[in-house]
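Visitor: Hi, I've got a new structure to look over. Could you walk me through it?
Guide: Happy to, let's open it up.

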Amino acid sequence: VQAQLEEILALYRELTEDEQEQIDLSRVYKLQEALDGANDPDPVTESVAYQEADWNGTQVTYTDKIADCTLVENSTEAVTWSESWYAVSGTVTISDPITVSGEIHLILTDNCTLTAEKGIVVTAGNNLTIYAQSEDGGTLNATGTTDDSGNASAGIGGSATSFDSGSITIHGGVINATGGGQPVYYGGAGIGGGTSSSENGGNSGTITIYGGTITANSGEGGITGAGIGGGGSGDADGGSGSSITIYGGSVTATSHGANTSGAGIGGGVGIVNGGSGNVTIRGGIVRATGGKYGAGIGGGSGGDGKKSGDGAVTISGGTVTAVGGNSAAGIGGGGGYQYAFANITGGTGSVTISGGIVDTKGGGSGSYAGAPIGNGGNASGTATVSKDNAIVFENGTGTVCGSVVLNENYAVPAGYSLHIPAGASLSGSGTLSGGGTFTTELSEDMI
């Protein structure tokens, strides 16, 4: 058929212009289009097993499932994933950005590695859900990019032109996400919003983590987004980490700004107002470190004459370690400070701890020190803090709050103290080791 079409076109080209005008080639072109489509290779599809996670109110549970997937292939060009299921097998590298369009499900098969050299773009209105065949199955490495204006995309999330992120859900796998960035200029969030040189930083969409091993770093730069959460802004408000929930897994999140930074988990930096962080932790092992003036978990840094971001944080389980940057809270508000050329109001913290083991340190020292839990330095508001049924270490001093049942082993850092006040109780089959001093207040009715 193709040979006949070529013969028709060759004869057509021999005609004069007047003769060609009398010929209708529409059916030839339509047939050629159909032939081109028939010759395109069909995508390689395969039935792939995966684990879908859920939260039953007390722990993460997994259900084994199977999906028909398009296999992800190597590419030196930009790739768009559209409204479908995809799976990675073996070692795959995609050199230009991967764009998520619609609702995408990605399965990381055991022992696979997908390297997204210019990140995975998930902008507002789009959704990416990542699964593994086992909780720490395959590996995804994603690194964002920067453009000529210094705007930076997230490793997974907002782009360098459309900064707000869509929804991102992680059920398992080894995920290493680093925002785009360049020294002195701007860095995007590891997972979440992109960073703008002039507009508001990108807000994170809903970010949900059930399991896996997740390492999220903001891009390098003078002004950066969060490790997980909002992007930064060089001339406006920082992006918010608007709805971040961690149910399980091992999560390490760090912001790396050299001048001002986002939170480890939460809001991005804003040269006007810092981004806020709304974070819920139900379980897992979570380590969060804020960059310069960013909270460990909570608000990002703000700019001259303005306010750092607030932190609304709820922790009801898991093991959480949070360290604030200069004058920022470990958990709560971003840092504020005052000197000859700047007066930044610290962010306010609203923190509820109702379970788990929490180890947190505020940043800075002196009159502008951030609280371990609560407000950043130089804050004007009053922090709201509730601690119950948890072991809480604040700047190395630990307290058993309420009734705590410890059924796992926990290594207390060297030199820490742990106190059990009257009215509190610590029980269970777990073991506490290390630390410095352990004390109790005995009352008459205690045995």
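This is a predicted model: local features need pLDDT of at least 70, side-chain atom pairs count only at pLDDT 80 or more; totals for chains, interfaces and linings use all residues.

Visitor: How many bridges join β17 to β21?
Guide: Four, and the two strands run parallel; β21 covers residues 241–246. On β13 (residues 167–170), β17 (residues 206–209) also has a partner, paired in the parallel sense over three bridges. There, Thr-169 has Thr-208 in β17 as its bridge partner.

Visitor: How many helices and strands are there in the chain?
Guide: The protein chain has three helices and 42 strands. It counts 447 residues, 51% of them buried.

Visitor: What box do the C-alpha atoms fill?
Guide: Roughly 110 × 55 × 25 Å, taken along the principal axes.

Visitor: What order do the strands take in the open sheet?
Guide: The order is β3-β6-β9-β12-β16-β20-β24-β27-β29-β33, which makes 10 strands with parallel pairing. β3 (79–82) and β33 (373–374) are at the edges; each has a single partner strand, so one side of each lacks a neighbour in the sheet.

Visitor: And what joins β12 to β16?
Guide: Two bridges, between residues 156–157 of β12 and residues 191–192 of β16. Ile-156 stands opposite Ile-191 in β16.

Visitor: Switching to charges, how many salt bridges are there?
Guide: Five in the structure. One of them links Lys-65 with Glu-52, with the closest N and O atoms 2.8 Å apart. Lys-65 sits in β2 (residues 60–71) and Glu-52 in β1 (residues 45–55), so this pair ties together parts 13 residues apart in sequence.

Visitor: Are those two buried or partly exposed?
Guide: Partly exposed: Lys-65 has a relative accessible area of 32%, and Glu-52 has 25%.

Visitor: Which residue forms a salt bridge with Asp-96?
Guide: That's Lys-118, with the closest N and O atoms 3.2 Å apart. Asp-96 is in the loop between β5 and β6 and Lys-118 in the loop between β8 and β9, so the pair ties together parts that are 22 residues apart in sequence.

Visitor: How far apart are the closest N and O atoms of Lys-307 and Asp-310?
Guide: 2.3 Å, in another salt bridge. Lys-307 is partly exposed at 26% relative accessibility, and Asp-310 is partly exposed at 32%.

Visitor: Last one: which residues form the negative surface patch?
Guide: Glu-17, Asp-18, Glu-19 and Glu-21. Glu-19 belongs to helix α2 (residues 17–21) and is partly exposed, with a relative accessible area of 37%.

Note on methods
Residues are numbered from 1 along each chain as its sequence is written. Side-chain values use heavy atoms; hydrogens and water are left out. Patches are made of residues with over 30% relative accessible area and no salt bridge: like charges are joined within 9 Å, nonpolar side chains (Val, Leu, Ile, Met, Phe, Trp, Tyr) within 5 Å. Accessible areas come from the Shrake-Rupley method with a 1.4 Å probe; for residues, only the protein chains shown count as cover. A salt bridge is a side-chain nitrogen of Lys or Arg within 4 Å of a carboxyl oxygen of Asp or Glu. Lys and Arg count as positive and Asp and Glu as negative; His and the chain ends are not counted. The place of a charge is taken as NZ of Lys, CZ of Arg, CG of Asp or CD of Glu. Buried means under 20% relative accessible area, exposed over 50%, partly exposed in between (1.4 Å probe, protein chains only). Two strands pair if DSSP finds at least two bridges between them.
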